[in-house]
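This briefing is for a reader meeting the structure for the first time. Please look over the sequence and the model below, then read on by topic.

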Amino acid sequence: MSMVSQLCYLQMESILRHLYVMNPTEFAKANCEGDDVFLCEYEYDVHWHSFKRLAEIDNSEEDDRKAGSDEDWDLCKDSGSDSELEYDEKNVKGSLPRKSPAHELAANSRKGHIFGLQKIGAKKIPEHVRCHKPTEIERAKAVLLLSSLPKSLPCRNKEMEEITSFIKGAICEDQCLGRCLYIHGVPGTGKTMSVLGVMRSLRAEVDAGSIKPYCFVEINGLKLASPENVYRVVYEALSGHRVSWKKALHLLNERFSDGNRTGKEDNQPCILLIDELDLLVTRNQSVLYNILDWPTKPQSKLVVIGIANTMDLPEKLLPRISSRMGIQRLCFGPYNYQQLQEIISSRLKGIDAFEKQAIEFASRKVAAISGDARRALEICRRAAELTDYRLKKSSSHPDSAASAKAIIGMADVEAAIQEMFQAPHIQVMKNCSKLSKIFLVAMVHELHKTGMAETTFEELATTVSRLCTSNKEEFPGWDMLLKVGCKLGECRVILCEAGAKHRLQKLQLNFPSDDVTFALKDSSETPWLTKYL
């Protein structure tokens, strides 16, 4: 258990003040923050049992030789194995303006070593922390969290069977040549969850000896600072070493194109899952080309699974990429209310906290707008929170029998829906001008058409013009449209790219498109907007 986790179980009287732990970049800027600021320069990789520097690796050749060289960390042989890590305060202060020799080497190459952490353990959690028995509502709140992984994923059996068949055909029959699967569908339809569920099932089969071992690498495009950083993440996941993206690209080319492998695990098939694949699209599309070209090499043993919201993403790419990407596709359609009801009920199995009608009401409400399972889970969890808060507020004893037998009804779900869909930004959308509503609907229309969160003002103006022409509305002109966009940007309803206002300025919705749909679907001023939502 980490130090932060242990601190959570301390009594409030024992806590004196805040403690700040910063990475090297933040620590360099913290000149006058007081004595409670500490530098965290290394992180510990549990999988590879090694330390890695947190300092940002530059793309220059000099940093490739230093921070990305993967040389051994020079440990003092005379120090005992049970001694803890020592950190010289002078080195901390001197490491900011200039690099010390110890900082020039990446501490990530001695796999299997613990580096003096033998005596740093975790204290046992006090028993009084565990003695509180959660109520049915508290259990419901826990299982309805979006971050909690369910034991099974209902309503996606057919899709999961296709994914399983695709992966098994690649890793069991040695047919990894050119194996790429593109999965698409609107947000909240279980695309990523289905793939991860399949991988958990296959891992159990590997442990049982039914199929041969493989390595699995999961990447989310939203977590990458730039598309090129995908090379660094993939190489680090496969080797445990952290290098610059240029060096990582070179080493990955040697591995997948030339077949240069050293370790035993390197000969295993590799399954690469890339979520939000459309975020890796660059101007020359070289990143996507390299990733999708590796599986076509005879010695690669690489299987790529890409996930995005756009159905026709392969057709929008260069022919050399679409030919490799669009062969096998799998579509995830939006959930209907019966499926949403089954998903919520499966999570609440064994927990008697909701009325059946309340779950059906939430499912129907979400299915009528988007069919997003995440939104349905959020509504039910918020209803549980409101009920729990009301009961604890009305009762002096939170663990009383009334709290234990409380049931969440339709009124609680309705309160959660009203709270979620009556937020200030939705009120702004409902009461904005007619042209502002057309502007927002055009952004949602672009999002559904392209699957890209961002669009340019030029593309949006073209869409607005087309919508106005089709519905016999007068197009206001580019200048007026620019003023409307600036006004929505000031209200933070949309996000506008910083800098001069021009036709290539990037725009993005600051809230889910479901909120725009809910706010404008019943607009009496412009009823024709509904067909574009």
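Helix 15 (residues 373-394) and helix 17 (residues 410-421) pack with their axes 8 Å apart, at an angle of about 115 degrees. Helix 15 is therefore roughly perpendicular to helix 17. The model is a predicted one. The points below begin with this pair of helices and go on to the sheets and to single residues.

**Packing around helix 17**

- The crossing of helix 15 past helix 17 is right-handed.
- On the side of helix 15, the contact is formed by R375, E378, I379, R382, A383, L386, T387 and R390.
- Helix 17 contributes D412, V413, A415, A416, I417, E419, M420 and F421 to that contact.
- Helix 14 (residues 356-369) also packs with helix 17, at an angle of about 30 degrees and with the axes 8 Å apart.
- An angle under 35 degrees counts as roughly parallel, so helix 14 and helix 17 are roughly parallel to each other.
- Helix 14, too, passes helix 17 in a right-handed crossing.
- In this second pair, Q357, A358, F361, A362, K365 and I369 of helix 14 meet M410, V413, E414, I417 and F421 of helix 17.

- Five strands form an open sheet in the order 6-7-8-5-9, and their pairing is parallel.
- Strand 6 (215-220) and strand 9 (328-332) are at the edges; each has a single partner strand, so one side of each lacks a neighbour in the sheet.
- From one strand to the next, the twist averages 15 degrees.
- Strand 7 runs parallel to strand 8 (residues 302-308), and six bridges join the two.
- I274 has G306 of strand 8 opposite it.

- Strand 3 (residues 42-45) pairs with strand 4 in the antiparallel sense, over four bridges.
- D45 has S50, in strand 4, as its bridge partner.
- Four residues lie between the strands of this hairpin, in which H49 takes a positive phi near 55 degrees.
- From strand 4 (residues 50-53), S50 and K52 point one way, while F51 and R53 point the other way.
- S50, F51, K52 and R53 are all buried.

**Positive phi in loops**

- Most residues other than glycine have a negative phi.
- E276 has a positive phi, near 55 degrees, and is not a glycine.
- E276 is placed in the loop between strand 7 (270-275) and helix 11 (286-293).
- R492, also a residue other than glycine, has a positive phi near 60 degrees.
- The loop that holds R492 lies between helix 21 (478-490) and strand 11 (494-496).

**Cysteines and a buried threonine**

- A search of the whole structure finds zero disulfides.
- C180 has a relative accessibility of 5% and counts as buried, because buried means under 20%.
- C331 has a relative accessible area of 44%, which makes C331 partly exposed.
- T517 belongs to helix 22 (residues 513-520).
- With a relative accessible area of 9%, T517 is buried.
- When neighbours within four places in sequence are left aside, T517 is in contact with I369 and L533.

Methods:
Residues numbered from 1 in each chain as written. Predicted model: local features only at pLDDT ≥ 70, side-chain atom pairs only at ≥ 80, totals over all residues. Heavy atoms only, no water. Buried < 20%, exposed > 50% of the residue type's maximum accessible area, 1.4 Å probe, protein only. Pairing = 2+ DSSP bridges. Disulfide = S-S within 2.5 Å. Axes fitted to C-alpha atoms, helices over the stretch in contact; angles between N-to-C directions. Parallel < 35°, antiparallel > 145°, perpendicular 65-115°, else oblique. Left-handed = near helix turned anticlockwise from the far one by under 90°. Contact = heavy atoms within 4.5 Å.
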